[in-house]
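Q: Here is a protein model I would like to understand. Please walk me through the labels used for its pockets, cavities and cores.

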Amino acid sequence: MGILDIVPAGVLTGENVVKLFNYAKEHKFAIPVINVTSSSTANAVLEAARDIKSPIIIQVSQGGSAYFAGKGLANDKQQASIAGAKAAALHVRAVAPLYGVPVVLHSDHCAEKLLPWFDGMLEADEAYFKEHGEPLFSSHMLDLSEEPKEQNIATCVKYFKRMAPIGIWLEMEIGITGGEEDGVDNTSVENSRLYTQPEDIWDVYRALSEIGPNFSIAAGFGNVHGVYKPGNVKLEPGLLGKHQQYASKQLGGKVEKPLYLVFHGGSGSTKEEIKTAVVNGVVKMNVDTDTQWAYLVGIRDFVQNKSGYLQSQVGNPEGPDKPNKKYYDPRVWVREGEKTLVTRVKEACSDLGNVGHL
Ligand SMILES: [Zn+2]
């Protein structure tokens with residue numbers, strides 16, 4: 001039985017998201033989540049998923065959402081990020097069924113100071129729910145990991161009470177992802193804070209499970225956003241197994257792996273580290289830095305290889321009056337970036353065992 005026997009193609013919400021993650025857990029694979037910043041990148045991600053018959057997770061960050069709406073817009077009240085997130089979601093909703101793959105539509109890290117963005121997305125979810133009986137997004141991430149634990153959990157509880165009734169999954173973070181991403185710089189955080197303890201995870205689980213079962217935890221196990229030379233921080237995906245054991249014991253041992261775990265800062269990880277994380281209940285792994293790079297590669301190579309055709313609108317190595325339109329049309333050169341992005345998304349899926357499950 002494949003995934004399309006249990007959930008439909010297109011954007012999933014509510015119990016369909018649970019079904020997908022449970023299927024991944026049972027079959028010991030994880031689904032990559034790829035950041036998108038435009039319809040071009042979103043389409044490439046969907047194309048990759050279609051080609052290898054896989055479910056996929058698409059997400060927008062706060063900065064990526066603003067970019068989706070347009071860099072020329074003011075964003076002092078998160079208005080561009082809210083509008084861009086909605087636009088991205090509506091775009092994906094419009095085209096995803098044509099690609100024939102199940103899609104989880106997600107928003108990335110939201111820190112305390114960005115909560116107005118979160119509020120705006122939730123309002124859009126509630127409005128969409130009124131009209132269609134489901135939220136606009138499948139899930140959202142709250143990241144209060146830089147705040148004290150009590151405040152982190154209390155904020156998640158407050159929002160989850162609003163999200164659960166309309167079927168929105170919550171991802172939260174406890175412990176810090178190091179490195180730098182989307183303007184958040186955690187490069188100088190002390191190393192011990194990068195490893196979450198099982199007791200902290202249990203505190204989160206206990207508080208959120210009173211509201212509903214549909215949440216996941218991004219725990220720190222030495223994760224770092226971005227790609228750096230190896231050395232400073234050691235990734236310890238084995239720690240995730242300890243979290244599962246601890247939570248399982250607290251629950252009376254009936255469920256072996258009660259937690260849905262998320263792997264942030266996956267770019268640059270070894271295949272072995274990824275495998276250990278998946279075995280320990282990671283159902284979603286974030287990939288951003290590597291796919292940003294991949295999108296550039298195709299465009300860069302095209303511009304370099306076709307340099308003689310890109311110096312003027314008319315005139316190239318084949319003759320002074322030869323037109324260059326079929327080289328400078330964005331559908332030609334942006335497409336080259338899409339192709340290399342498609343390839344990289346397929347690789348991320350393959351690393352996680354997310355191939356041929358539909
Ligand atoms: Zn992250």
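Q: Which residues lie nearest the centre of the second largest pocket, and what makes a residue part of its lining?
A: Asn35, Thr37, Thr41, Asp288 and Gln292 lie nearest the centre, among 17 lining residues. A lining residue has an atom within 4 Å of a point, on a 1 Å grid over the protein atoms alone. A pocket is an open set of such points with protein on both sides within 12 Å along at least five of seven lines. The model is predicted: local features need pLDDT of at least 70, side-chain atom pairs count only at pLDDT 80 or more, and totals for chains, interfaces and linings use all residues. Residues are numbered from 1 along each chain as its sequence is written, and side-chain values use heavy atoms, with hydrogens and water left out.

Q: How much space lies in the second largest pocket, and what is counted as its volume?
A: About 310 Å³. The volume is the space filled by probe spheres set on the points, with grid points joined across faces, edges and corners.

Q: Which elements each supply at least two residues of that lining?
A: β2 (31–35), α3 (62–69) and α10 (289–305) do. The largest share, five residues, comes from α10. Helices (H or I, at least four residues) and strands (E, at least two) are DSSP runs, numbered from the N terminus. The protein has twelve helices and 14 strands.

Q: How does the lining of the second largest pocket divide by class?
A: Into five nonpolar, eight polar and four charged residues. Ala, Val, Leu, Ile, Met, Phe, Trp, Tyr, Cys and Pro count as nonpolar; Asp, Glu, Lys and Arg as charged; the others, Gly among them, as polar.

Q: What makes a space a cavity, and how many of 30 Å³ or more does the structure hold?
A: In a cavity a 1.4 Å probe fits but cannot get out. The structure holds two of 30 Å³ or more. Gly265, Gly266, Ser267, Asn286 and Asp288 are the closest to its centre, of ten lining residues. That lining has one nonpolar, seven polar and two charged residues.

Q: What lines the second largest cavity?
A: Phe21, Ile57, Val104, His106, Ser139, Trp169, Glu171, Ser216 and Lys284. β4 (102–107) and β6 (169–174) give two or more residues each. The cavity holds about 30 Å³ of space.

Q: Why is Ala83 called partly exposed?
A: Ala83 has 37% relative accessibility, so it counts as partly exposed. Buried means under 20% relative accessible area, exposed over 50%, and partly exposed in between (1.4 Å probe, protein chains only). Ala83 is found in helix α4.

Q: What makes a set of residues a nonpolar core?
A: The set must be buried Ala, Val, Leu, Ile, Met, Phe, Trp, Tyr and Cys residues joined through side-chain atoms within 4.5 Å. The largest core here has 80 residues; Leu46, Ile56, Ile58, Val103, Phe118, Leu208 and Ile217 touch the most other members. Helix α4 (residues 79–99) gives the most, eight residues.

Q: How do you know that the overall size fits a compact globule?
A: With 358 residues, a compact globule would have a radius of gyration near 21 Å, and the protein has 21 Å, so the two agree. The radius is taken over C-alpha atoms, and the globule rule is 2.2 Å times the number of residues to the power 0.38.
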